[in-house]
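Subject: Structure for you to look at

Dear colleague,

Here is the structure I promised to pass on. Please open it first; my notes follow below.

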Amino acid sequence: MLLIISISARLAWTYLLPTGANFVDLHVYLGGAAAVDNPGTLYDYVYADQTPDFPLPFTYPPFAAVLFYPLHLLPFGVVALAWQLGIVAALYGVVRVSQRLLPDREGSAGAGRRVAMLWTAVGIWIEPLRSTFDYGQVNVLLVLAVLWAVLSTRWWLSGLLVGLSAGVKLTPAVSGLYLVGARRWAAAVFSAVVFFLTVGVSAVVVGGQARYYFTELLGDASRVGPIGTSFNQSWRGAISRILGYDAGYGPVVLAGIAVTAVLALLAWRAVGGARDRLAAIVIVQLFGLLLSPISWTHHWVWVVPLMIWLLHGPLRDQLGARILGWGWLALTVVGVPWLLSFAQPSIWTISRPWYLAWAGLIYIVATLGTLAWIAATARRSG
């Protein structure tokens, strides 16, 4: 019943409030897909109807346009409604697969369907999901695909899911580190093969636009969006806000990434590597979120599996696990980056008062604290 109420409230928010979902990213997906019909125009496409201050270009790999092509043939309203319901279904899938990946799920009170429905009902309202619904984003589906790849013991299926996910949006490519760390060599190699096949398919369908993307646009983070906005919770975004200009991958940003890498490696070893599959993939993804030049809040859907591991996993009886689990829930329900966005001068102005700049470290500090706690506690508990 609570899940039905939560879904109904989300749909009411979308369709009854004037500030409901704008589906700007879904417009970009479908607009880019429609541009496939006009050779050479894919990366000239922009959507500006609801974002006059930031005309949104198609920033995804060309395979995304090929994959979404059939959807642009349908009425947008139908696609938008189906997309929202699909997000809910995918979120439930993320919770259920996360439960199945718990190393002692049979002994955990958090492994049942009722608990999964409760997590889904609550998860709809955390900041990563709120922005996912508002923009019509695809990240929940990609998280589900990666989790399923971790769950599956079939090398070809795991490689297929990771490779296709990276072909749609590059961020899931960091999952290859999990496959390598778990010594799933066949799956790791096949994921790379599948990714390059998506590039090949794209080259056939959109021609020179595929080459243009991978040779010229791929490293242009400014094209993806404003680096300094509070919604960008990566090291590059955080350090840029503190310094007052785009720090790129300068020494301070690289130092932050190095610290994260060390903590992630220690945490990986502390949980026994891939013996705890849910912890291992979450650790890899947290590292990826801080490594990426831009990690929008809707990229942080990975906090859902993280909270499930903290509150229902092997360390659930530890006080630190409860503090971190409930802390992440409170942090994302409140949506601190969202609150900070109201105080920033504009999405394009990087410089801001020191207290706003340092407050923008919130997800990064929470991530470092989580990794450090796992590294220190999991080894002692093991």
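Which residues does glutamine 233 touch, not counting those up to four places away in sequence? They are Arg241, Leu289, Leu290, Ser295, Trp300, Pro337, Gly360, Leu361, Ile362, Tyr363 and Ile364, where contact means heavy atoms within 4.5 Å.

Before the rest, some ground rules. This is a predicted model, in which local features need pLDDT of at least 70 and side-chain atom pairs count only at pLDDT 80 or more, while totals for chains, interfaces and linings use all residues. Residues are numbered from 1 along each chain as its sequence is written, and side-chain values use heavy atoms, with hydrogens and water left out.

Glutamine 233

Glutamine 233 sits in the loop between helix 12 (221-224) and helix 13 (235-243). Helices (H or I, at least four residues) and strands (E, at least two) are DSSP runs, numbered from the N terminus. With 0% relative accessibility, glutamine 233 counts as buried; buried means under 20% relative accessible area, exposed over 50%, and partly exposed in between (1.4 Å probe, protein chains only). Its side chain reaches the backbone oxygen of glycine 360 at 3.1 Å. A polar atom of that side chain also lies 3.1 Å from the backbone nitrogen of tyrosine 363.

Histidine 299

Histidine 299 is in the loop between helix 15 (277-291) and helix 16 (303-312), and at 10% relative accessibility it counts as buried. Its side chain makes a polar contact with the side chain of lysine 169 at 3.5 Å. A polar contact is a pair of N or O atoms within 3.5 Å; within protein, one must be able to donate a hydrogen and the other to accept it, and residues adjacent in sequence count only if both atoms are side-chain atoms. Leaving aside neighbours within four places in sequence, histidine 299 is in contact with Asn139, Lys169, Thr171, Leu289 and Ile294.

Aromatic pairs

A search of the whole structure gives 20 aromatic pairs. Rings of Phe, Tyr and Trp (its six-membered ring) pair if their centres lie within 6.5 Å; planes under 30 degrees apart count as stacked, over 60 as edge-to-face and the rest as tilted. The ring centres of tyrosine 29 and tyrosine 60 are 5.0 Å apart with the planes at 55°, so this pair is tilted. Tyrosine 29 belongs to helix 2 (residues 24-34) and tyrosine 60 to the loop between strand 2 (56-57) and helix 3 (62-68), so the pair ties together parts 31 residues apart in sequence. Both tyrosine 29 and tyrosine 60 are buried.

Tyrosine 43 and tyrosine 213 form a stacked pair, 5.4 Å centre to centre with 20° between the planes. Because tyrosine 43 lies in the loop between helix 2 and strand 1 (46-47) and tyrosine 213 in helix 11 (residues 208-217), this pair ties together parts that are 170 residues apart in sequence.

Nonpolar cores

A nonpolar core is a set of buried Ala, Val, Leu, Ile, Met, Phe, Trp, Tyr and Cys residues joined through side-chain atoms within 4.5 Å. The largest has 113 residues, and those with the most contacts inside it are Phe58, Leu129, Leu147, Trp235, Ile281, Trp309 and Trp328. Apart from it lies another core, of five residues, including Phe231 and Trp296.

Helix 6

Seven of the nine residues of helix 6 (residues 127-135) are buried, so this helix is largely enclosed by the rest of the structure. Just after helix 6, glycine 136 takes a positive phi of about 75°.

Two other positive phi values

Phenylalanine 23, in the loop between helix 1 (2-16) and helix 2, has phi near 55°, a positive value in a residue other than glycine. Phenylalanine 23 counts as buried at 7% relative accessibility. Arginine 183 is not a glycine either and has a positive phi of about 60°; at 63% relative accessibility, arginine 183 counts as exposed.

Record

The unreviewed UniProt entry lists residues 73-95 and 187-208 among its "transmembrane region" features; UniProt positions are given in the numbering used here, feature names are shortened, and annotations may be inferred rather than shown by experiment. In the model, residues 73-95 are 87% helix and 0% strand, with the end C-alpha atoms 32 Å apart. Residues 187-208 are 95% helix and 0% strand, with the end C-alpha atoms 30 Å apart.

Regards
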